[in-house]
Every structure is written in structure tokens, then in C-alpha cells.
Amino acid sequence: MPTTVPKGIEDDIKLLKSAAVHAGIIALGFFRTDMRTWTKNITSPVSEADIAVDNFLSGALRAARPDYGWLSEETADSPARLDHQRIFIVDPIDGTRGYIRGEDSWTISLAVVENGVAIAGVVYAPARDEMYVGGLGLGATCNGVTLRAHRTGSEAPLIPAPAAVHNELAASGLSYSKGPAYPSLAYRLVQVASGKLDAAVARRGAQDWDIAGADIILSEAGARFEDVCLGAPRYNGTDTRHAALAATADISLLTPLCDALRVVYGCPQPDSDNPEPQA
């Protein structure tokens, strides 16, 4: 049965795309310059570009949809978002470490979530001029070209992962090649949707804003994306953090990936302290 397209989602996608392009112009203005940087929560880097982009997106998106809630990495959280059926979930610059180093695979990640489910998403890599878009029932595209998740064609699956996960996968006997570790988790995930990676994973502790935009793109491209402890990710809860995550275009890889991630990271207990997201 065809998926019902949510009311107004085409207009929301147009809004997200336009906002992403303008945000990208702002971010590129700071890129590879002597910008101010600092850390928050002890280890998480922030730049003045993150704040400038966040301020723009907050103004543009919230003015256009005043009835939507708001959750952004760079905006102080408010429980008021829990009262909204639809909400914007935003990472102004995903992959800030790479952005500060001058690498070009950072992204602007935007999503519309309805009742805990991502229904529209844009992951835009301005320095690479790549815009990934997904909408529930509308498919997924990159620069207007339809995405269908598929094997890369490599003899062994191409999978980037932290060293401890690589060790577990090797111990399981899985034959694969180590893929490139892009600093932007959102960018890494949409490479599974594009067929450039066979799978991608995230450590325990990723936040809603790290993954919501990529989630709908993966789903609409036909890839699987799971919280290894709870199944399909849910968004806009009181706790925005997630257990370890696995995305793959090859269903045969899902079980060994999830098994390895559970061994390395376990599953969070209710009210436990999760680590800060480390894409």
C-alpha cells in the first residue's frame, strides 16, 4: 500500500531546502577563516559559524511555521517543544570538528518530525554542493537525482566504524573493508542512501539533531536504520539521546552490525547518563 504523504510536507521540504542553501552561504563565509572557536560540555567543539547559522535558521524556520516546535543543537532546549505535534530538528553544522579543520564534508542537517517520526529531511553539504532530500512517501534524492540504496559493488562491504566496532566485526568473521570516517554523522549516513557506503554506524549518545534529517532520507531510499536497542529511532522525547545506531543497504549486514554495537556500547538503562554524541 502506498505511503500517505503528510499534509503540507511538500511545502515544508521547499522551506527546508531554501533555508539550507541560505545557511550554507553563511557557513561558507566563515569556512577556512580564522574564526572564533570554543568547547561546550568539556569536549564538544563550537564555532562562531555554528551560532550564526543557528540564529538564521531559528529566525527563518520558526517565522515560517510558528506552530512548529524547535530543537537545535545550538539553542537552549525548552520543554515547550513536547507540546507540538510537528517540530523542526536542526543541526546548524554537523561535523564541526571537520569544519574547523577545513575539511569539506560537513553538513547542515534539517528535519521535520511529526509525533516522533521524521517525515521530511534535508542534509546539505555546501562545500561539496550536495543536497540530500527525503520526504515521507515522496522518495529521496541527491541534487534532484533519485536515490535507491544499494550495494557499492565492492567485493567486500564498505563500512566505516570506530576501532572497537571494527574489532568486534572482525571477531565475528565478517569480511568487509573499512570505509572513510566522515566527521559529519549525517553525511556518513546519507552515503548509505546514495550507495557509496554499504553501512554506517554511530556510537551510543547521538542526539536527535545528529540523525533526524538523514533518517527519512535513508528510509525513502530503501535503507534500514535502527537504534540497536530499541529499533526504529523516535524523536522529540524528553531525552533526545539514542543508543548505538546502524544503517545499511544490505539487510544481511544488519544483524552482525547490531550485535557488534551492542557488545561495544551496551544499551542505556532508564535515567542513565549517556556520553555526549561522538559521530
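At 1% relative accessibility, Y132 counts as buried, where buried means under 20% relative accessible area, exposed over 50% and partly exposed in between, with a 1.4 Å probe and protein chains only. The model is predicted, and local features need pLDDT of at least 70, side-chain atom pairs count only at pLDDT 80 or more, while totals for chains, interfaces and linings use all residues. Residues are numbered from 1 along each chain as its sequence is written, and side-chain values use heavy atoms, with hydrogens and water left out.

Y132 lies in strand β7; helices (H or I, at least four residues) and strands (E, at least two) are DSSP runs, numbered from the N terminus. Six of the six residues of β7 are buried, so the strand is largely enclosed by the rest of the structure. In a regular strand the side chains alternate between the two faces of the sheet. In β7, E130, Y132 and G134 point one way, whereas M131, V133 and G135 point the other way, and all are buried.

## The sheet and its hairpins

Seven strands form an open sheet of mixed pairing, in the order β3-β4-β5-β6-β7-β8-β9, and two strands pair if DSSP finds at least two bridges between them. The edge strands are β3 (69–72) and β9 (145–146), each of which pairs on one side only. Helix α2 (residues 48–64) packs on the sheet and touches β3, β4 (86–94) and β5 (107–114), contact meaning heavy atoms within 4.5 Å. The direction of α2 makes about 155 degrees with that of β4; axes are lines fitted to C-alpha atoms, for helices over the stretch in contact, and angles run from 0 to 180 degrees between N-to-C directions. Helix α6 (residues 208–221) also packs on the sheet, and its direction makes about 100 degrees with that of β6.

On one side, β7 pairs with β6 in the antiparallel sense over six bridges, and Y124 has M131 in β7 as its bridge partner. The hairpin of β6 and β7 has four residues between the strands, and D129 there takes a positive phi near 55 degrees. Four bridges join β7 to β8, and these strands run antiparallel; here the bridge partner of G134 is A140 in β8. The hairpin of β7 and β8 has three residues between the strands, with G137 in the turn at a positive phi of about 80 degrees.

## Aromatic pairs

A search of the whole structure finds seven aromatic pairs; rings of Phe, Tyr and Trp (its six-membered ring) pair if their centres lie within 6.5 Å, and planes under 30 degrees apart count as stacked, over 60 as edge-to-face and the rest as tilted. Y132 and Y187 form an edge-to-face pair, with 6.2 Å centre to centre and 85 degrees between the planes. This pair links distant parts of the chain, since Y132 in β7 and Y187 in helix α5 (residues 185–194) are 55 residues apart. Y187 likewise counts as buried, at 1% relative accessibility. Elsewhere, ring pairs link F31, Y99 and W106 into a cluster.

## Helix α4

The buried residues of helix α4 (residues 163–172) are V165, H166 and L169. Seen down the axis of α4, these residues fall within an arc of 100 degrees, so they line one face of the helix, the arc being that of the directions from the helix axis to the C-beta atoms. They pack against β10 (158–159), β11 (177–178) and α7 (254–265), while the face turned away from the buried side carries the exposed residues A163, N167, A170 and A171. Just after α4, G173 takes a positive phi of about 90 degrees.
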